[in-house]
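Please look through the sequence and the structure shown here before reading on.

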Amino acid sequence: MATKKKILFVLTSHGTFPNGHPTGWYLPEAAHPYYVLENHFTIEWASPNGGKAPLDPSSVENFKDDAECKQFLSDNKAKQGYENTKKLTDIDVNDYVALVYVGGHGPCFDLSEDKTNVKLAEAFWKQGKIVSAVCHGPAALVNVQDENGKSIFSGRKATSFSNEEEEQIKLTDAIPFLVETRLKELGAHYEKNDKPWGAYVTVDGQLILGANPASAHDFGVAILNALDKK
């Protein structure tokens, strides 16, 4: 049997807002794409600090009745990965066919500025591999440039957690930048669902983005479809 190709899921290592309230990575944005992809690929996990990445407790509470989220929290195979993440510095881009950034507010604080992360994403991009992110995950890519030194968002379709959604949860002032605003500043053709919290996914070549928790399953399907075509 052929060895499964590997996909790298990247989690934040940042677990608190400036006011001390907990944040981290957002449960359904890992669980839903994981279960779309794990039958077809080997999923490995990384974060800036390695080890156990901080899971946003509000996401556990908000999705306590979600079957896949419940399964993911007790799934030993998945837990082995997300509770023992590799360090980004130990990752070899040649081992993977796609890069997936899980959301949660954490990536706005660490992954956006993490030089190892930026270099890793640029290496994936320059090899023509899938670079994907959901919700606040695109924050991890705001400093990533293509081979011409231009933002990978410039001139491309993009989506993310929206400014309106941020206002509704009253966290506009809790993060270093608003993801929607930053993507637009970088030249993205920003798109979103007509309604806040509605699912939305953009695919523009190797860049695949999901808007919010409701988009996480469809985001996984878009990655699967893109890899099927490769």
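This is a predicted model: local features need pLDDT of at least 70, side-chain atom pairs count only at pLDDT 80 or more; totals for chains, interfaces and linings use all residues.

Residues are numbered from 1 along each chain as its sequence is written, and side-chain values use heavy atoms, with hydrogens and water left out.

Helices (H or I, at least four residues) and strands (E, at least two) are DSSP runs numbered from the N terminus. Strand 1, residues 6-10, is mostly covered, since 4 of its 5 residues are buried, a term that stands for under 20% relative accessible area with a 1.4 Å probe and protein chains only. Strand 1 pairs in the parallel sense with strand 2 (residues 42-47) over 5 bridges, and with strand 4 (residues 98-101), also parallel, over 4 bridges; pairing requires that DSSP finds at least two bridges between two strands. Leu8 has Glu44 as its bridge partner in strand 2 and Leu99 as its bridge partner in strand 4.

Ser132 lies in strand 5, residues 130-134, and counts as buried because its relative accessibility is 0%. Leaving aside neighbours within four places in sequence, Ser132 is in contact (heavy atoms within 4.5 Å) with Leu99, Val100, Tyr101, Ile208, Phe219 and Ile223.

Key: Buried means under 20% relative accessible area, exposed over 50%, partly exposed in between (1.4 Å probe, protein chains only).
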